[in-house]
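Try each task before reading its solution.

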Amino acid sequence: MADARGAGLRRAAASRIGLVLTVVALALASAIIMLPFIWMVSASLRTQGDIVSNPLTLIPAQVILDNFAEIFTRIPLGRRFLNTVIFAGSVTILSVLLDSAAGYALARFEFRGKNVIFVIIVITLMLPFQVTLVPIFQQLSDLHWINTYQGLIVPRAADAFGIFFMRQFFLSLPKDLEDAARVDGASEFRIWAQIMMPLALPAVLTIALFNLLGNWNDLLWPLILTTSTDMQTLSAGLALFKGQHVTEYGVLMAGSIIALLPMVVAFLMVQRRFVEGIATTGIK
Amino acid sequence: MTTTSPARTSRGSAIRRRTLLTPYVFLAPALGVLGFFVLWPMVRALFTSFTNSSIIGTSEFTGLANYERLFSDPAFGNALLNTLVYVVATTPVSILLALGLALLLNRRFAGRTFFRAVIFFPFVVSFGIISIAWSFILDPQVGLVIGWLQQLGIPTGNGLRDPAWAMPLVAFVGIWRNLGFYMVLFLAGLQSVPRELYEAAEIDGAGGWCRFRSITLPLISNTTMFVVIIATIFAFQAFDHIYVMTNGGPFFKTETLVMLIYRTGFENFQMGYAAAISWVLVVVVLALSLAQMAFFNRRAVRY
């Protein structure tokens, strides 16, 4: 009896030590993971001289905000911000609609060619998109779509991953829902738009966030499709600015913070739901 | 459906016709985009790879010349080797770390949500932009991390500008970026393992490692397969941080296949040759994905 209690206490003590070690390990990992962000904020508030002469510290000798004003005079940051909003926003809205419509059809209808279409979509999912880099550039220059919003947006308006993800979600909904609506004489489009889409909201939000993040943050796509400074997005614009051997650390970091901030805020607002959402829907 | 036809037969056939066409109407926009901007370009890439196409001037059919050139091109051999080094250096480490973190964060304790969010955070921001910060932190002159490591007496050579250090540093940043995403995927897998199995094993006196080996690992094998394939594909596609941090240098030590495709196609404007390299990349990635799937399917435990 006493023995069993002793073992229980020992186990409780061991699990408490285990928990402390876990938290210490995670705190250390978190510090390493956050380091570039902390440095970014620190550098954006420091003078060039301060960064160069005290490279080993994260604490500014003197906090300045000049870098945030300076970046706007160096590159058309406002215009690029607008470009990025238009590009990432449009792609997100379009692909949510197109992907969920296609995923819905693949999950809820029987029709000729269904399996072939599904297999093609799965294969598309596995191919690296870089293979299309050269031909898509050729195709868009044939259409005179280089340096245009439609060139950036339309080719991205649907994606295999989104279709696949929505299909998996719609498969899991009970079938009698739309049968009842069909008996009531609702059109197929209305059943999709007013009954199925609201039910698919968690999956729709996941896809929307993936698209928003993926396109807001994308570098290679806007890099090859935009050559004029007025059409570049934030990522491409800042990467190119850095590539011109610019070593004004504070200015570049101020621009970077402005570029990252919207997605950071978006993530913080939905982070709980997002991380748990990926963990519980679809991807298994 | 607005018809109010009294005849049942015609009403029935209208419904049938409606449901016959409906799925295609739902599919058409998405398939149009995928067909015209993904599938057709892939076929076109194959055609282009048999020509000497460039942005300016006409293109001529040159047969297999581009593919023959690959074998004798030291830049291609170098890029292929660098890509393989990068894949081998990042994929296993990311997956093991992600699984370890997922196991730690699958337990219930205060702060769990916070740590999950922090570890996932790098996946949320623009990799190209945060790589600007990384390139400064790893700079031999003003780099914070390089400076700290030197203070500790750890040799780091010339940091990112050191031919021996560039690839390990780029690989480290690649791991840093995707770790959180793989962790979340593993968390999803871990949540699908029924709790009763652990309880039963504990009653039988199975230790932690034993429970992990004989319950957790087999039951998350589907997730593991998915993560391994995704991680490999991601590693083959690595571009953003390499472009920003080293641009393939120093001395082409970090020039991967995608970097080479970009340089060949969009800086040297040799579209035909770039398309040929792209197709090599596709074949390698596809072959590897299929091999991984076959491997996991053979070993998968079925219940």
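Two residues are in contact if their C-beta atoms, placed from the backbone, lie within 7 Å. This is a predicted model, in which local features need pLDDT of at least 70 and side-chain atom pairs count only at pLDDT 80 or more, while totals for chains, interfaces and linings use all residues. Residues are numbered from 1 along each chain as its sequence is written, and chains are lettered from A and ligands numbered from 1 in the order in which they are written.

**Exercise 1.** Find out whether Gly143(B) counts as buried or exposed, and list its contacts.

*Solution.* Start with its place: Gly143(B) is in the loop between α5 (127-137) and α6 (144-151) of chain B. Helices here are DSSP runs (H or I, at least four residues), numbered from the N terminus. Next, count neighbours: Gly143(B) is buried because it has 22 C-beta neighbours inside 10 Å; the cut-off for buried is 20 or more, for exposed 12 or fewer, and partly exposed lies in between. Finally, leaving aside neighbours within four places in sequence, Gly143(B) touches Pro55(A), Phe136(B), Ile137(B), Leu138(B) and Gly159(B).

**Exercise 2.** Classify Leu84(B) by its C-beta neighbours.

*Solution.* First locate Leu84(B) in helix α3 (residues 74-104) of chain B. Then count: Leu84(B) has 15 C-beta neighbours inside 10 Å, so it is partly exposed. Lastly, Thr256(B) is 172 residues away from Leu84(B) in sequence, yet their C-alpha atoms are 8.6 Å apart.

Technical notes:
Helix = DSSP H or I, 4+ residues; strand = E, 2+ residues; numbered from the N terminus.
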